[in-house]
Amino acid sequence: MAELKISPEMLQGAVPGMSLTSEPQQFPWEVPTQITTVEEAVEYYSERLMEDQDVEDSLLVALDNGVSIEKLAEMLTVSATMNGVHNLDVSFLINPYVREVMKLIAEGAGQDYVDSYSELDSKKKVPYRLIKEMVQETLDEEGELIENQEPVAKGLMARPTIGEAVEETEPTKEDITLPEEEV
């Protein structure tokens with residue numbers, strides 16, 4: 001039987017109840033948040049997104065690589081929640097504002113962007129009604145639609161189907177020659 005090997009790195013994570021045995025308020029989630037209202041969060045994200053050139057450049061690079069604004073805003077607000085900037089309730093309330101600021105920055109820079117991946121998926125789908133109209137227009141222009149025909153086997157090794165073999169082997173009246181009677 002194979003021996004189970006455990007690396008020491010696997011045992012370095014937090015153990016359940018560890019925060020109860022250490023000094024309180026060592027982690028960001030154990031400390032009261034810096035921002036408690038939506039108005040303060042609006043100021044925080046406005047300064048962070050609009051005034052910092054490095055953040056704007058990183059945002060435009062991410063949008064150019066196809067990351068959606070929805071996911072970028074979610075990552076930014078959840079990251080701030082994990083770092084103790086604001087709580088999760090403020091994160092949910094400020095998320096639409098952050099998305100709009102990101103759209104404003106992208107449009108100001110002339111950058112194309114994906115608002116959300118679900119919107120992108122719906123743009124790729126062609127509605128059935130449009131497909132039907134296109135088929136109908138093609139039929140009207142070209143006349144009748146050629147029905148699906150079975151491909152005809154060609155070549156030296158092509159084997160005819162049973163129906164074809166019967167048709168080819170049945171002689172017609174013209175092909176039948178009668179022996180002449182001798183008188």
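This is a predicted model: local features need pLDDT of at least 70, side-chain atom pairs count only at pLDDT 80 or more; totals for chains, interfaces and linings use all residues.
Glu100 is partly exposed, with a relative accessible area of 47%. The salt bridges that share partners unite Arg99, Glu100, Lys103 and Asp115 in one network.

Asp115 counts as buried because its relative accessibility is 14%, which falls under the 20% limit. Arg99, at 21% relative accessibility, counts as partly exposed. Side chains of opposite charge can pair when their charged atoms come close.

The model contains 4 salt bridges. One of them joins the side chains of Lys71 and Glu74, at 3.9 Å from N to O; the cut-off is 4 Å, so the pair is counted. Lys71 and Glu74 both lie in helix α4 (residues 69-82), and their separation is 3 residues, about one turn of the helix. Lys71 is partly exposed, its relative accessible area being 35%. Glu74 is likewise partly exposed, at 36%.

## Geometry and packing of α4

Helix α4 has 14 residues, which at 1.5 Å a residue should span 20 Å; the C-alpha atoms at its ends are 20 Å apart, so expectation and model agree. The buried residues of this helix are Ile69, Leu72, Ala73, Leu76, Thr77, Ala80 and Thr81. These buried residues pack against α2, α3 and α5. Just after α4, Gly84 adopts a positive phi of about 80°.

## The largest nonpolar core

The largest nonpolar core comprises 21 residues, of which Tyr45, Val98 and Met102 touch the most other members. The elements contributing two or more residues to this core are α2 (38-51), α3 (53-64), α4 and α5. Helix α5 supplies the largest share, 7 residues. In soluble globular proteins, nonpolar side chains tend to be buried together.

What does Val98 touch, not counting residues up to four places away in sequence? The contacts of Val98 are Tyr45, Leu49, Ala73, Leu76 and Thr77.

## Contacts made by two loops

Pro28 is situated in the loop between α1 (18-21) and α2. With a relative accessible area of 34%, Pro28 is partly exposed. Apart from residues up to four places away in sequence, Pro28 touches Met82, Asn83 and Gly84. Pro28 and Met82 are 54 residues apart in sequence, while their C-alpha atoms are 7.0 Å apart in space. Gly84, one of the residues touched by Pro28, is the residue with the positive phi just after α4.

Ser116 occupies the loop between α5 and α6. The relative accessibility of Ser116 is 8%, and this residue counts as buried. When neighbours within four places in sequence are left aside, Ser116 is in contact with Ser68 and Glu70.

## The chain as a whole

The protein chain has 8 helices and 0 strands, and its pattern along the sequence reads α-α-α-α-α-α-α-α. Of its 183 residues, 19% are buried. The accessible surface of the chain is about 15600 Å², and carbon and sulfur atoms account for 55% of that area.

For contacts in the chain between residues at least 6 apart in sequence, 66% join residues at least 24 apart. The pair of Pro28 and Met82, in contact and 54 residues apart in sequence, provides an example of such a contact.

Notes
Residues are numbered from 1 along each chain as its sequence is written. Side-chain values use heavy atoms; hydrogens and water are left out. Helices (H or I, at least four residues) and strands (E, at least two) are DSSP runs, numbered from the N terminus. Buried means under 20% relative accessible area, exposed over 50%, partly exposed in between (1.4 Å probe, protein chains only). A nonpolar core is a set of buried Ala, Val, Leu, Ile, Met, Phe, Trp, Tyr and Cys residues joined through side-chain atoms within 4.5 Å. Contact means heavy atoms within 4.5 Å. Accessible areas come from the Shrake-Rupley method with a 1.4 Å probe; for residues, only the protein chains shown count as cover. The expected span of a helix is 1.5 Å times one less than its number of residues.
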